[in-house]
Amino acid sequence: SPLKIVVVGSVAAGTSAAAKARRNSETARITVYERDRDISYSGCGLPYFVGGEVETIDELTPRDAAWFKARYDVDVRTGHEVVAVDAAAQSVTVRDLATGNTFDDTYDELILATGVRSVVPPLPGVDLPGVFRVRTPSDARAIRAWVEERPVRRAVVIGAGYIGLEMTEQLTERGVEVTVVEALEHAMPRMDVDMSARVDAELRKHDVDLRLGARVAAIEGGESGVTGVRVGSADDGDTVPADLVIVSVGVRPNLELAEQAGVTIGPTGAIAVDRQGRTDVAHVWAVGDVAESFNLITGEPAWVPLGSTANKMGRITGDAATGGTLEHRGILGTSIVRVFDVAVAQTGLTEDQARAAGYDVEVLHNIKPDRPEYLGGESLLIKAVADRGSGRLLGAQAIGASGADKRIDVLATAITYGADVADLFHLDLAYSPTYATTKDPVHYTGMALD
Ligand code: FAD
């Protein structure tokens, strides 16, 4: 009988796995269960729908179950939650959320792509109307409706990671005054302090009230909605007025099914998998944000939940589950976020991470225009981190009004292929004054040790 693949979760990783499995096998029976109503959406675009830069949510959810059936002959069952796994019997129990009925389905290969959920801190008032997370199109629809249906003048964003900052930018652009409350000492706390301090400055330049090293004690309000956020302790703090609160303090893997199946969870708290996405339970695989990856430089387990990685992991496991040989090569956690007028990007190890991993670290900074000033070039700051002994490039961070995106990708590529700092100077990069300088900022990084 044909190979029967069941996928749980239908956003980035689950849909890539299903699509690749179908490309490899014309005969496999592929079913995807998704408890939500939206599938295969761009979670990464949600802040821009809230801000209005993306006009309709349909633009972020271009594919539905009918599209998958027609294009890939994959059965996507939305509104269906997998509530149990019996790995010995190779079966799952599924609840149809519309009817409440449950049924069992069997599999030859089970791919868990259950993703993450937003962390909701146990704060008084966290369930008040007007307090939102940003995870799904439903969240984004609710936030946009909230800001369009009432005069929202002030918002508090709790958490200054990239999602909090994207929301801050988009709400500010809607004319909302935003206060950001971050428990750590800087915005973008995954970056090195010398870089994240510049993100703080950019936020303040745009009149964001940035409260660093600050804690939310409670969210205040009543039935008609949130009215403020108490920052600091109950007896020593102040209440920031707010008619909208965004909680963006991080995410956690949805591990319930994995735990039921008896799968080992790795040291990062996500599902441990091999380079093809296999867990340690036979015929159970895990992909995307719910699964652990490994750092391309150190080889250590790493968990950086990103859509870019989720897509790759899905494709690799879709291939492997149908007999293919694709293998995951590890991650650098390469990422980028627009914060008002600058792009903030990073790849590989930060200085702090490199030191923690035991490297004798060399730090190289340069600030160069991304193009000649006569064509509007603006300064681009690159911080590179290298191993002093070997010169090997370990990581880079870049902040600038333009051109940070391509430099970070060049640097990520160089790190992937094991480049030394000095190798960067020799890269044959494209030059025209409309796009770059004769010696590119990446070349200057490569000259820093001369
Ligand atoms: P998820 O997207 O979490 O999907 C998992 C799905 O599984 C969910 O739909 C869930 O309902 C379903 N599910 C879970 N349990 C069950 C069950 N028992 N039964 C049935 N269904 C179940 N990444 C980037 O790389 N760049 C960005 O710029 C970026 N921006 C982002 C901005 C925002 C606002 C958000 C929220 C995320 C952003 N990301 C970004 C991250 C990216 O969206 C995620 O990495 C990606 O969605 C992960 O895909 P996934 O398929 O692994 O998991």
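Two residues are in contact if their C-beta atoms, placed from the backbone, lie within 7 Å. The model shown in these views is predicted.

**View 1. Helix H10 and its cover.** Helix H10 runs over residues 404–416. Its 13 residues reach 18 Å from first C-alpha to last, close to the 18 Å expected at 1.5 Å a residue. The buried residues in H10 are Ala 404, Arg 407, Ile 408, Val 410, Leu 411, Ala 412, Ala 414 and Ile 415. Four strands are included in what covers them: S21 (335–339), S22 (342–348), S24 (379–387) and S25 (393–400). The cover also includes helix H11 (421–425) and helix H12 (441–447). Just after H10 comes Gly 418, with a positive phi of about 75 degrees.

**View 2. Asp 405 in helix H10.** Asp 405 lies in helix H10. Asp 405 has 14 other C-beta atoms within 10 Å, so this residue is partly exposed. Leaving aside neighbours within four places in sequence, Asp 405 is in contact with Ile 336, Ala 343 and Ala 345. Asp 405 and Ile 336 are 69 residues apart in sequence, and their C-alpha atoms are 7.1 Å apart in space.

**View 3. The packing of helices H1 and H8.** H1 covers residues 13–24 and H8 covers residues 307–320. The two helices pack at an angle of about 35 degrees, with their axes 7 Å apart. Their crossing is right-handed. From H1, the contact takes in Ala 13, Gly 14, Thr 15, Ser 16, Ala 17, Ala 18, Ala 19, Lys 20, Ala 21 and Asn 24. H8 meets them with Ala 310, Asn 311, Met 313, Gly 314, Arg 315, Thr 317, Gly 318 and Asp 319. By class, the residues of this contact are 7 nonpolar, 8 polar and 3 charged.

**View 4. The shell around the ligand.** There are 33 residues around the ligand. Gly 9, Val 11, Gly 43, Gly 115 and Gly 288 come nearest. The elements that give two or more residues to this shell are H1, strand S2 (29–34), helix H2 (46–51), strand S4 (80–86) and H8. H8 gives the most, with 3 residues. The shell divides into 17 nonpolar, 10 polar and 6 charged residues.

**View 5. Helix H5 and its cover.** Helix H5 spans residues 162–173. At 1.5 Å a residue, its 12 residues should span 16 Å, and the end C-alpha atoms are 17 Å apart, which agrees. H5 is mostly covered, with 10 of its 12 residues buried. The buried residues are Tyr 162, Ile 163, Gly 164, Leu 165, Glu 166, Met 167, Thr 168, Glu 169, Gln 170 and Leu 171. Their cover includes helices H2 and H6. Strands S10 (154–158), S11 (177–182), S16 (244–247) and S21 are also included. Gly 175 follows H5, and its phi is positive, near 90 degrees.

View 6. H6 has 13 residues. The helix reaches 18 Å from its first C-alpha to its last, close to the 18 Å expected at 1.5 Å a residue. Met 195, Ser 196, Arg 198, Val 199, Asp 200 and Leu 203 are buried in H6. Asp 207 lies in the loop between helix H6 (193–205) and strand S12 (209–212). Asp 207 is a residue other than glycine, yet its phi is positive, near 65 degrees. Asp 207 counts as exposed because it has 9 C-beta neighbours inside 10 Å.

**View 7. Ser 40 in the loop between S2 and H2.** Ser 40 sits in the loop between S2 and H2. Ser 40 is not a glycine, but has a positive phi of about 45 degrees. Ser 40 has 23 C-beta neighbours inside 10 Å, so this residue counts as buried.

**View 8. Thr 437 in the loop between H11 and H12.** The loop between H11 and H12 holds Thr 437. Thr 437 counts as buried because it has 21 C-beta neighbours inside 10 Å. Not counting residues up to four places away in sequence, Thr 437 touches Lys 368, Pro 369, Arg 371 and Pro 372. Thr 437 and Arg 371 are 66 residues apart along the chain, with their C-alpha atoms separated by 5.0 Å.

Key. Residues are numbered from 1 along each chain as its sequence is written. This is a predicted model: local features need pLDDT of at least 70, side-chain atom pairs count only at pLDDT 80 or more; totals for chains, interfaces and linings use all residues. Axes are lines fitted to C-alpha atoms, for helices over the stretch in contact, and angles run from 0 to 180 degrees between N-to-C directions. A crossing is left-handed if the near helix is turned anticlockwise from the far one by less than a right angle, and right-handed if clockwise. Ala, Val, Leu, Ile, Met, Phe, Trp, Tyr, Cys and Pro count as nonpolar, Asp, Glu, Lys and Arg as charged, and the others, Gly among them, as polar. The expected span of a helix is 1.5 Å times one less than its number of residues. A residue is buried if 20 or more other C-beta atoms lie within 10 Å of its own, exposed if 12 or fewer, and partly exposed in between; C-beta atoms are placed from the backbone. A residue is near a molecule or strand if its C-beta atom, placed from the backbone, lies within 6 Å of it.
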